[in-house]
Amino acid sequence: MKKKLFAVLLMIAVGAVGCGAKTDNDTTIIGGADGPTSVFLSSNASEDEATDDLNLAISGTWQTASIGYEDGDEMQPEYYVQFTETEVNYGHMKDGAFAVDHSDKISEFETNANGEYIVKAESADGVKYTYRTAEGDADVLEYYETWNEDDFSEMYRAGASLSRNS
C-alpha cells in the first residue's frame, strides 16, 4: 500500500513539474486569458549581440528622461533603451541606429490585456529594478529601484523612467 501511494505521489510530482509551457529558450510562461501572463526568462544572449535581429518584447526604442551628453548641437538622453525577450539593452544612437552599451537580465516580464507592462530586471551589480507602464500613458515606463511593489513610492526614480522614442 505504501509503495502504491508513493508511486501515485511521484506521478503527481512529475506531472506538476511539466505543467509550465517550456520552449528552447528556457522560457516558462505561466498564466492565461483570465489574468496577467508572467514570463520567466533565462538569458543566453551575449552582451555584444546587436538587437536588430532579436524580437523586441516591448516594441520601439525608449529613452531616459535624464539628459546625458551633447551630440553636435543636440542634447541626448543618458541612455536609449530596447527590451528583448531576455534583456534590457542600454545604449546610444550611432548614425541613426541603436548600439548596445550594456545589458541587464530580465527576470520576470508581465503584460495584461490592456497592453501594460511590468518588467523586473537585475543589473550586473545586483541592483533589482522594475519598469512599469505609467497609469494612463502607454508611452511611459516608470522606473522603481526595487522588485517589491510595496516599496514603489519610496523607490521611484523619475530621471531613470523611460518614454517611447520610436
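1. Helices (H or I, at least four residues) and strands (E, at least two) are DSSP runs, numbered from the N terminus. On this basis the chain has two helices and 13 strands, and S166 is placed in the segment after β13 (162-164). This is a predicted model, in which local features need pLDDT of at least 70 and side-chain atom pairs count only at pLDDT 80 or more, while totals for chains, interfaces and linings use all residues. Residues are numbered from 1 along each chain as its sequence is written, and side-chain values use heavy atoms, with hydrogens and water left out.

2. S166 is exposed, with a relative accessible area of 56%, where exposed means over 50%, buried under 20% and partly exposed in between (1.4 Å probe, protein chains only). Apart from its neighbours within four places in sequence, S166 is in contact with G60 and T61, contact meaning heavy atoms within 4.5 Å. The C-alpha atoms of S166 and D139 are separated by 9.7 Å, and these residues lie 27 apart along the chain.

3. Strands β8 (residues 87-94) and β9 (residues 97-111) run antiparallel and are joined by eight bridges; two strands pair if DSSP finds at least two bridges between them. Within this pairing, H92 stands opposite A99 in β9. The two strands form a hairpin with two residues between them, and D95 in the turn has a positive phi of about 55°.

4. Strand β9 also runs antiparallel to β10 (residues 117-122), to which six bridges join it, and K105 has E122 in β10 as its bridge partner. The hairpin of β9 and β10 has five residues between the strands, and there G115 takes a positive phi near 80°.
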